[in-house]
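The following note was prepared for a colleague who wishes to examine the model alongside its sequence. Please read the points with the structure open.

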Amino acid sequence: MTTNATVTAASGRPLRTPKASSGPPIELRHVHRWFGSTHAVNDVSFIVEKGEVFGYIGPNGAGKTTSMRILSTLDEPSSGDASVDGFSVIDDPDRVRSRLGFMPDYFGAYQNVNVWEYLDFFARAYGLRGTERRRAIESTMDFTGLDELARKPIDGLSKGMKQRLCLGRTMIHDPSVMVLDEPAAGLDPRARIELREMISRLAEAGKAILISSHILTELAEICDRVAIIERGQLIAVGTVDEISGCVEEEITVRLRVTNDRASHDQTAVIPWLSRHAHVKTVVATKEGVTFHLVTEQPQRDATLAGLLAELIGAGFGVTEFTSRGKSLEDVFLHVTKGRVQ
Ligand SMILES: Nc1ncnc2c1ncn2[C@@H]1O[C@H](COP(=O)(O)OP(=O)(O)OP(=O)(O)O)[C@@H](O)[C@H]1O
């Protein structure tokens, strides 16, 4: 994802640029965390670059929240270290806090507080004063689309609006790093899309974003890279394509052929496919036929093109031939065994 410091809020007002950094925005180095006999985080290391959206995926109890809390200085590692812009969470937690915004996976209930007062509270906590504080609140409300709701009590907000407000409180001090724990949980489809757009705009403005989710397909669309964690250990880090390349590629193909020639209709294509060396699980559907094509990642396109040529060569009138590789969800299910601790 490219960095662009002139990205603007919905109103056209520019987002403020992140402060200069002296190290990678996010770095975890051999982080371990024990809770009694539970090894919640086991030797986790990764770096997130400026302007990057980095997805953190794992089943329940995998260690995502614990590692995010350590990075956000809410917990300490048993060994190893983590840093933000080069500042250690152990040696320099105050500097880390001033550069990082943490969005927890719950929204604390507050009574008799409106949207403005809520953001004002966090702006004060970050030491913003006078005009600077007012500008920070206005620009945050503008970015999150909450400006119409400034005086609305927050316990009357919808789930989607509360998540916007929570994101707003996370960015109020203009951090260079944002850590978002399950931000899309419980949102309806429209609110999820809006949240995704806001996260992309924050990354375009140069912020490094670490985001965890169970909504794997959503992460595939916004993340530059992902890490898969299971039972405290990282088991894969890379782009979705890189991680897919580590596992055997199984492409789902949807095929439709014309049935105006008696010998080469949908019925004829099924036994033809079933005899093919790379094809398995041929299923007739209302719309045509679906099957799995097994291949190795580097040969994926050549195998697909070859099969299409063979079908046409065999006399089938192909009217539809669409393929779908592994989604992030498929990769996740393939790589993890769903083990919890
Ligand atoms: N304060 C704690 N005391 C004892 N055990 C803990 C504590 N916090 C987390 N754990 C344990 O550490 C492991 C990792 O938990 P963590 O909350 O980090 O996982 P997670 O991947 O965020 O899971 P989820 O998606 O369910 O939130 C789990 O076994 C959990 O029970």
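1. Basis of the note. The model is predicted; local features require pLDDT of at least 70 and side-chain atom pairs count only at pLDDT 80 or more, whereas totals for chains, interfaces and linings use all residues. Residue numbers start from 1 along each chain as its sequence is written.

2. Overall make-up. The chain contains 11 helices and 14 strands; helices (H or I, at least four residues) and strands (E, at least two) are DSSP runs, numbered from the N terminus. Of its 341 residues, 36% are buried. Here a residue is buried if 20 or more other C-beta atoms lie within 10 Å of its own, exposed if 12 or fewer, and partly exposed in between, with C-beta atoms placed from the backbone. Among contacts in the chain with a separation of 6 or more, 69% join residues 24 or more positions apart; a contact requires C-beta atoms, placed from the backbone, within 7 Å.

3. Ligand shell. The ligand is surrounded by 12 residues, the closest being Phe-35, Ala-40, Asn-60, Thr-65 and Thr-66. By class, the shell comprises three nonpolar, eight polar and one charged residues. In this classification Ala, Val, Leu, Ile, Met, Phe, Trp, Tyr, Cys and Pro are nonpolar, Asp, Glu, Lys and Arg are charged, and the others, Gly among them, are polar. At least two shell residues come from each of β2 (38-48) and α1 (64-71), and α1 provides the largest share, with three.

4. Helix α1. Is α1 enclosed or open to the outside? Seven of its eight residues are buried, so α1 is largely enclosed by the rest of the structure. The buried residues are Lys-64, Thr-65, Thr-66, Ser-67, Met-68, Ile-70 and Leu-71. Thr-73, which follows α1, has a positive phi, near 65°.

5. Helices α3 and α4. The axes of α3 (residues 115-125) and α4 (residues 130-144) come within 10 Å and cross at roughly 130°. Axes are lines fitted to C-alpha atoms, for helices over the stretch in contact, and angles run from 0 to 180 degrees between N-to-C directions. The two helices are therefore oblique to each other; angles under 35 degrees count as roughly parallel, over 145 as roughly antiparallel, 65 to 115 as roughly perpendicular and the rest as oblique. In this contact, Trp-116, Leu-119, Asp-120, Ala-123 and Arg-124 of α3 meet Arg-133, Ala-136, Ile-137, Thr-140 and Met-141 of α4. These residues divide into six nonpolar, one polar and three charged.

6. Helices α3 and α5. Helix α5 (residues 159-171) packs against α3 at about 30°, with the axes 9 Å apart, which makes the pair roughly parallel. On the α3 side, Val-115, Tyr-118, Leu-119 and Phe-122 meet Leu-165, Gly-168 and Arg-169 of α5. Five nonpolar, one polar and one charged residues make up this contact.

7. Two loop residues. Ala-277, in the loop between α9 (266-274) and β12 (279-284), is exposed because 6 other C-beta atoms lie within 10 Å. Gly-186 lies in the loop between β7 (177-181) and α6 (189-204) and counts as partly exposed, with 14 C-beta neighbours inside 10 Å. Gly-186 and Gln-163 are 23 residues apart in sequence and 9.7 Å apart in space, C-alpha to C-alpha.

Definitions and conventions. A residue is near a molecule or strand if its C-beta atom, placed from the backbone, lies within 6 Å of it. Two residues are in contact if their C-beta atoms, placed from the backbone, lie within 7 Å.
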